[in-house]
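Please look over the structure shown below before reading the notes that follow it.

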Amino acid sequence: MQNRFGFKIVITLGDTFDPEINGFQHRAVKGFIISRNVLHGWSSGEAAMFISLIEPASRWGRDLRVLLAGRDVCLIEELIAVEEVDSILPRELDMMNETVIVERIQAFFSRLAKKEPALPRKHMDDRMGRVISYIDQNLSQNIDLSEVANLAHLSSHRFRHLFTEQIGLPFTQYIIWQRLKKSIYAVASGEMTLGEAVENFGFTDQAHFSNTFKKTFGVFPRVFLQTSHIVLKICVQKE
């Protein structure tokens, strides 16, 4: 699969695995962090996995950008001792209640952040703030780049460049990511059925949603929902 929507962290819980990343086979690793557009895959058998997709413009995204330092791939054991990872994210993590899981995940990211100093905080351009709000409110509709560029009082070319610079994802990929994320959250929380989420968040039909989802997560959405413990929201402490 290809990681298209930001940084991705994959860690086995209490075990190791053999991922293939950008055509190179790694053996017996604890986990990895990859940047956007990196091809990767693995077979973990029955092992439980911790998988997190991180938006580039988020607090954690900025920290990961520092850790990777221009690299596409970084193995977790290059940053944190395997024993320490296992103590924070143990084998039985998926059997803990959600409050404890959230605390463990926050502790893991705090530990990563200690590895390198965070980048100075950059405030989002007010125009991009308006655009993000507009996108969030109109995910069920066709969102045209030229119309959104007009909202920001920019040419399409300048808008496309500024959006990617500020948000860390190209305009179209950001919209797809938001639609996927909000769809799966709505279904996992019980707010909507899968069919309702597909319709409400701008996918053509369930086949379109399923194919887009599989390209992102490597499995179809129903399998994902049946086999995954989904943490719906984690609050990141403000700087």
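This is a predicted model: local features need pLDDT of at least 70, side-chain atom pairs count only at pLDDT 80 or more; totals for chains, interfaces and linings use all residues.

Residues are numbered from 1 along each chain as its sequence is written, and side-chain values use heavy atoms, with hydrogens and water left out.

**Backbone at two asparagines**
- Most residues other than glycine have a negative phi.
- Asn22 has a positive phi, near 50°, and lies in the loop between strand S3 (20–21) and strand S4 (24–25), where strands are DSSP runs of E of at least two residues and helices are runs of H or I of at least four.
- Asn37, also not a glycine, has a positive phi of about 70°, and its place is in the loop between strand S5 (31–34) and strand S6 (38–41).

- Asn22 is partly exposed at a relative accessible area of 43%, a class that lies between buried (under 20%) and exposed (over 50%), using a 1.4 Å probe and protein chains only.
- Asn37 counts as partly exposed too, with 37% relative accessibility.

**The second largest pocket**
- The lining of the second largest pocket includes Glu55, Met124, Ile167 and Lys181, where a pocket is an open set of points on a 1 Å grid, reached by a 1.4 Å probe, with protein on both sides within 12 Å along at least five of seven lines, and lining residues have an atom within 4 Å of a point.
- Helix H4 (126–137) and helix H7 (171–188) each supply at least two lining residues, and the largest share, three residues, comes from H7.
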